[in-house]
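Q: Could you show me how to read this structure, one feature after another?

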Amino acid sequence: MNKADLLEILKAHFSQSPITGYTDYPFRKIIRKYGCRGLIFTEMVSGKGYLMNPKHHEEILRFDEEDRPIGIQIFGGDPESIASTAEAVEEKYSPDVIDINMGCPARKVTNKFGGAALLQHPDIAEKIINAAVKRVKTPLTIKTRIGWSFGDLLSKPLLKLAEDNGLLCAFLHLRSKTSLFSGRLEYDNFRKLKDGFKIPLIANGGIYSKEDFLKTVDEIQPDGIMIGMGSAGNPWIFNIKDTDYKAPVISEKLSVLKEHLLLTIEYFGETSGIHKFRKFYKPYLTGIPNHTKILPELFKAKNINEVLDILNMNFVF
Ligand SMILES: Cc1cc2nc3c(=O)[nH]c(=O)nc-3n(C[C@H](O)[C@H](O)[C@H](O)COP(=O)(O)O)c2cc1C
């Protein structure tokens, strides 16, 4: 896909952010089927880790042609390994976008100058971007946060690097690193940053409903929007802009829960699939009367028959 078409898609449709432990192959199938028309990301891969064992990453990175446009995200603080991994995944998977993670707050990532640590080390970010730009033809992006702490705007030098190096866009999480995943959304600070940049800024953070979407647009008029956890158990969220959007009814939620669970088991096997899927019960069932009563039973269920028995005994499909 060429850059102009990709940009159109980024502007017109919600993208799905990369979420470790969530945006796996079955999840991506489900959100594509029920609403997502934008860019979708796989889970992130480590620049160094990928080079040590590319085969081990196939389960994370596999996708089908029909799943495009799709992005692969790389994290790390070592320019050479990020560039080499970018080159390797470009050759093996031909993703539509390669993103460099500059926002992850996890200590095991920031300790090695990766993720959000790059907000405090723009010199390393510069080396990473310079190295990657030289090695791949795939459109590159960065995903970062407004700053390290509220109001410090430390993303500014990173956005400048992205713009000066011709990156496709920057995904900007509207929270600082210290706000983690649920702290204050920094609309004012986004507005301060947006002025003066030509590179498209795709805003991310806190969109769980049509009201959240409308508020974000009203507050900051971003070039596009990326949804994160709001799509867990709610693949219909990608349709909230549509004039004929209708929230899913209970029977739809239950049947897609079941479809997603079966796909997860098909992909990962029964034991691992059931285990990985546990985090999705609550998001799918939220809003359904009496669901809290059965969550502990679902968490304990060890095979598909146990899960289906619990669902069939408590809900009408
Ligand atoms: C469990 C979890 C895992 C995440 N993994 C990643 C990741 O691998 N790469 C990344 O750029 N962001 C990751 N994020 C951040 C999300 O992509 C997103 O930026 C953040 O959740 C804010 O968006 P939201 O408020 O819409 O969820 C993760 C967030 C959570 C909660």
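A: We can start with burial. A residue is buried if 20 or more other C-beta atoms lie within 10 Å of its own, exposed if 12 or fewer, and partly exposed in between, the C-beta atoms being placed from the backbone. His-57 counts as buried because it has 22 C-beta neighbours inside 10 Å. The model is a predicted one: local features need pLDDT of at least 70, side-chain atom pairs count only at pLDDT 80 or more, and totals for chains, interfaces and linings use all residues. Residues are numbered from 1 along each chain as its sequence is written.

Q: Where is His-57 found, and which residues does His-57 touch?
A: Helices (H or I, at least four residues) and strands (E, at least two) are DSSP runs, numbered from the N terminus. His-57 sits in the loop between α3 (47-52) and α4 (58-61). Two residues are in contact if their C-beta atoms, placed from the backbone, lie within 7 Å. Not counting residues up to four places away in sequence, His-57 touches Val-45 and Tyr-50. Its C-alpha atom and that of Leu-153, 96 residues apart along the chain, are separated by 34 Å.

Q: Is Lys-48 buried, exposed or partly exposed, and what is Lys-48 in contact with?
A: Lys-48, in helix α3, is partly exposed because 19 other C-beta atoms lie within 10 Å. Leaving aside neighbours within four places in sequence, Lys-48 is in contact with Gly-76, Asp-78 and Ser-81. The C-alpha atoms of Lys-48 and Gly-114 are 66 residues apart along the chain and separated by 11 Å.

Q: How do I read a covered helix, and which residues of α2 are buried?
A: An α-helix has 3.6 residues a turn, so residues three or four places apart point the same way. Helix α2 (residues 25-34) is mostly covered, with 8 of its 10 residues buried. These are Tyr-25, Pro-26, Phe-27, Arg-28, Lys-29, Ile-30, Ile-31 and Arg-32. Their cover includes β1 (15-16), β2 (40-41) and α12 (250-268).

Q: What span should α12 have?
A: The expected span of a helix is 1.5 Å times one less than its number of residues. For the 19 residues of α12 that gives 27 Å, and the end C-alpha atoms are 27 Å apart, which agrees. The buried residues of α12 include Leu-254, Leu-257, Leu-261 and Ile-265. Among the elements that cover the buried residues of α12 are α2, α13 (270-285) and α15 (304-314). Just after α12, Gly-269 takes a positive phi of about 90°.

Q: How do I read a strand, and how many residues of β6 are buried?
A: In a regular strand the side chains alternate between the two faces of the sheet. In strand β6 (residues 140-145), 6 of its 6 residues are buried.

Q: Which strands pair with β6?
A: Two strands pair if DSSP finds at least two bridges between them. Strand β5 (residues 97-102) and β6 pair in the parallel sense over 5 bridges, and Ile-98 stands opposite Leu-140 in β6. Strand β7 (residues 169-173) also runs parallel to β6, joined by 5 bridges. Here Thr-144 stands opposite Leu-172 in β7.

Q: What should I look for in the backbone angles?
A: Most residues other than glycine have a negative phi, and most peptide bonds are trans. Leu-180 has a positive phi, near 50°, and lies in the loop between β7 and α10 (187-194). Leu-180 counts as exposed because it has 12 C-beta neighbours inside 10 Å. Gln-221 also has a positive phi, near 40°, in the loop between α11 (210-220) and β9 (224-227). A cis peptide bond joins Arg-68 and Pro-69, with omega about 0°. Pro-69 lies in the loop between α4 and β4 (70-75).

Q: How is the protein divided into domains?
A: Domain bounds come from an automatic or database domain assignment. Here they give domain 1 (3-239) and domain 2 (250-314). The contact takes 9 residues from domain 1 and 9 residues from domain 2, and the C-alpha centres of the two domains lie 29 Å apart.
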